[in-house]
Amino acid sequence: MTPPADGDAIVAARRVSRRFGAVVAVDEVSFTVRRGEIFGCLGPNGSGKSTLMRMLLGLLAPSAGNFEVLGYTVPPDAERLRPSVGYMTQRFSLYADLSVRENLEFASEIFGVSLRGRRARVDRAIEEFGLGSYAGTRAESLSGGWKQRLALATATIHDPELLVLDEPTAGVDPENRRDFWEKLFELANAGRTILVSTHYMDEAARCHRLLVLRDGKRAALDSPGALTGHLAGRALDVESDSPDRAIAALRRFDLVRSTTQLGSTVHVLLHPDAPDASDAADAVGAFLAAEEISAARVRPSSANLEDVFVALLHGEVLDREDAA
Amino acid sequence: MSAFTQISASLVRTLAMARKEFRQLVRDRPTLGFVVGIPTLQLILFGYAINLDVRHVPTVVLDRSQSELSRRIVGELGATQTFDVVGSIESERAAIRMLESGRAGAVVLIPPDFEQRIYRGRGAEISILADASNPTVATAVALAGQGYGSSLNARMQPFITGADSAALRLVPEGRERFGPDRDLVRGEAVRIEVLPFYNPERRTAVFIVPGLVGVILTMTMMLMTALAIVRERERGTFEFLIATPIRRGEVMIGKILPYLVVGHIQVGLILLLGALLFSVPIQGSLFDLGVGALPFLASMLSMGLVVSSVARTQFQATQLSFFFFLPSMLLSGFMFPFEAMPRAAQWIGEVLPLTHFLRIVRGVLLKGAPIESLAWEVAAILAFMIAALALATLTFRKRLE
């Protein structure tokens, strides 16, 4: 995957905020999305991902700020934007009592797919998403993975330039998630721009660039590689016979920022003030030995997006200057 | 476990359920409003609308006699309170048109030789045509007409037989015009005959069943669209819909169209059952009825959309519909005679499409009225429909909040 060239921005958020009563759901967030990229929006539940996407589509009015999407200013020009955008909501939002084909037909008519091309377009969507054997099935009786395929097929029926997908793979099994992401890359390679939100780290890692949100604020914006790169030399893996005791001990050690258990291995993120992982490994090993935790083997490891998340949670600044 | 612990556990569960229900009720503000609103509205409406003393029946006069006596009699009829003389007309045909269109509930016919017959003692006759499609009104007209007739007769009788009496005060002059000779051939000097039109047996079913067409349509049509947008909200399809290029007006009209067909099927069904089970006649053209039903159905469906745009849940939508349905049923003249309602209630009634549709459906079905003579009622319904549709479109936002 070659990241798209800089400059060709098709979405720009300008200091967008949204308050719900006293709660600030989105707080002065700015970013740009470039043509042809898969732009991820990562954050825990309630971090403002859905609110941000809904505002970007003009479905929710921002309390402050605005967007420039495909040359239109949103909110005022939101309606003119509609034909060029496909939107997949977090909750399945198609007609449960219509069949797969009927849902696709409805969407194609509403999105103004030309009368002559309509039938062929629906047939193509059914084939492209492998929905053939379910064409006559009512949407309500599809399983999660198939519902989601139908939703993506519907969101792309009018060949939109921009796709906005709000946690499209929530509640879908890993195999279907893989298939789904393959589909997204196909679309991106065909020139579509995709804005996708997720709270799965493995999915976030597949995006060209990631906007990390925390409490409605922009915590970071960069490629996944660059984000983890900021944490180079800060991760360790500790193997132990009793990982629970190792974790309890490590949490008391002041060089350690966080621990994650992966089977018998404990993944450790070091404190920013700690020495480089290769040097810190010995110190950690010695500490564990002093704590009488047997068979501990400590080696430097590479940081992952979860580490990025933890670091951001602690207020570390990983952002490059980027679009501000 | 002892019986006591079992009972007390059951009591705890029951009360837990009750407490939960109460909390939910208190938090559902609109529903709480209905708890207060429905009884208030119902009490006021029933209290004012239920009045079986029919008064002020709109009456037109076809006075062919054009005499001072006839004018006095018309004046006295108007003073009975049952008759509200709203105008005079020139021909029988015009009289029928007034009855057909429901603009008049009674027509007073005074023959050309009225005065002459009185003075000659030949027994004069006044006919009152009563619109019996509404049996309550017809009965009131008959009672008032006959009552006035016998009092008039009592006053005129001495005059005919030569006795100097109150009749002289009623007819101070004119005696001379016809000369002193009188050939008394009738026992009664004057007779008022009330002729029930359209539903001569004054059967209630004949009156109620056509009205039911309107009432049933109000209920079903409104509820169908009242749930339409709320359902999209509750099922989550609303968010998909508002992210498409569809316009607000397109959503509204698209939601209405299928139900116009459904509504016409319902009209047919009710009429068929009415004819089969209650022998309700169909005097007029079904096509005319269809023409009248179309704007009515559209107005109810539009009102449903207003409800749907405002309500947040299907439950609220149902309750709000009821809020509109109640005055429709009580103030339209479906159950209680429109003529008997106080002025203010009549004004509200005139706004409601059901009031006008009842006139259309009764006019066409029972009186065989052509739809042209009911154009005013159609116009009133159309005005309501346009207002409701505009309101629904404006309250419908392609936004999530």
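Guide: Thr318(B) belongs to helix 13 of chain B, residues 314-331 (helices are DSSP runs of H or I, at least four residues, and strands are runs of E, at least two, both numbered from the N terminus). The model is predicted, so to speak of local features requires pLDDT of at least 70, and side-chain atom pairs count only at pLDDT 80 or more, whereas totals for chains, interfaces and linings use all residues. Residues are numbered from 1 along each chain as its sequence is written, while chains are lettered from A and ligands numbered from 1 in the order in which they are written.

Thr318(B) counts as partly exposed because it has 16 C-beta neighbours inside 10 Å; a residue is buried with 20 or more other C-beta atoms within 10 Å of its own, exposed with 12 or fewer, and partly exposed in between, with C-beta atoms placed from the backbone. Leaving aside residues up to four places away in sequence, Thr318(B) touches Leu223(B) and Ala226(B), contact being C-beta atoms, placed from the backbone, within 7 Å. Ala226(B) lies 92 residues from Thr318(B) in sequence, yet their C-alpha atoms are 7.2 Å apart.

Turning to the contact between the chains, 18 residues come from chain A and 13 residues from chain B. On the side of chain B that touches chain A, helix 10 (residues 237-242) gives the most, with 4 residues.

In chain A, strand 11 (residues 235-239) and strand 13 (residues 265-270) pair in the antiparallel sense over 5 bridges; pairing requires at least two DSSP bridges between strands. Val238(A) stands opposite Val266(A) of strand 13.

Notes. Two residues are in contact if their C-beta atoms, placed from the backbone, lie within 7 Å.
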